[in-house]
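Please consult the sequence and structure shown here.

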Amino acid sequence: MRLKTVLGLGIPLACSALFARLGVWQLDRRQERLAVNAGLTERLAGQVKDFGSVTSDALDKRWTPVSLSGVFRYDLEQVLAGRASEGSPGVHLLTPLQRPNSDTLVLVTRGWVYSPDAASADLGRWREADTVTLSGYLLPLPPDGSPPPADRSLPLRQLSRSAIETRVGLPIAAVQVVMTSDSAARLDSVPRRLPPPVLDNGPHLSYAIQWFAFALIALVGGGVLARTSVVSGRAKG
């Protein structure tokens, strides 16, 4: 009976140790996320850089604030469908920008506009100046994705560099610029600029608490079962 009790107690103890380890793992993941968020927040609040100096290593430059000058190519503008804002349907306006002395266009996300069907927009209404100096922050442009609809009058459903290049017929930079300048001026005649990214710490803390709770339940439950087994054995003896 004693051996059976020890073996019976070993299972909940092993489970308790496993659950506790998973809880520690979730805490470690939370710390990693906090560190990443702190770095991104610091980068977003940092000094504005010239776009040409930060185009390499796109994934490491996301959220870098930049300034960019050139000419908007409204003739190549694209619509990204299915973009909601505060519960309202809409689209994002994606306008390639031609820089001086460069054959590679930079995709600028100018912002959100209301669209009842979340797929179309009167692009002429939302045109701004042709030659601009704008500010914004960098985001990687996914290199590949679903091919765009063959009908060029249809909007994009997924954003990727290959889809944009297919549509415009010209090379596109590996990063996009999310435009933030001019967000207050002419509020009724420019797209609604996208707000800065919102960071959260994720669900790791709540997951850790759950795993620690499971560990405690397994430990207490195993102890209760072991005690019950011992008492039962004595009673039978």
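A pocket, on a 1 Å grid over the protein atoms alone, is an open set of points where a 1.4 Å probe fits, with protein on both sides within 12 Å along at least five of seven lines; lining residues have an atom within 4 Å of a point. Its volume is the space filled by probe spheres set on the points, which are joined across faces, edges and corners. The model is predicted, so local features need pLDDT of at least 70 and side-chain atom pairs 80 or more, while totals for chains, interfaces and linings use all residues. Residues are numbered from 1 along each chain as its sequence is written, and side-chain values use heavy atoms, without hydrogens and water.

**Largest pocket**
- The volume of the largest pocket is about 240 Å³.
- Its lining comprises 15 residues, and Glu-77, Gln-78, Arg-152, Ser-153 and Arg-167 are the closest to the centre.
- Strand S3 (78–80) and helix H2 (161–168) each give two or more residues to this lining; strands (E, at least two residues) and helices (H or I, at least four) are DSSP runs numbered from the N terminus.

**Second largest pocket**
- The second largest pocket holds about 200 Å³ of space.
- Among its 13 lining residues, His-92, Tyr-137, Leu-139, Val-178 and Leu-194 lie nearest the centre.
- Strands S4 (90–98), S6 (131–140) and S7 (175–179) each contribute two or more lining residues.

**Gly-223**
- Gly-223 belongs to helix H3 (residues 204–236).
- The C-alpha atoms of Gly-223 and Leu-9 are 6.9 Å apart, although 214 residues separate them along the chain.
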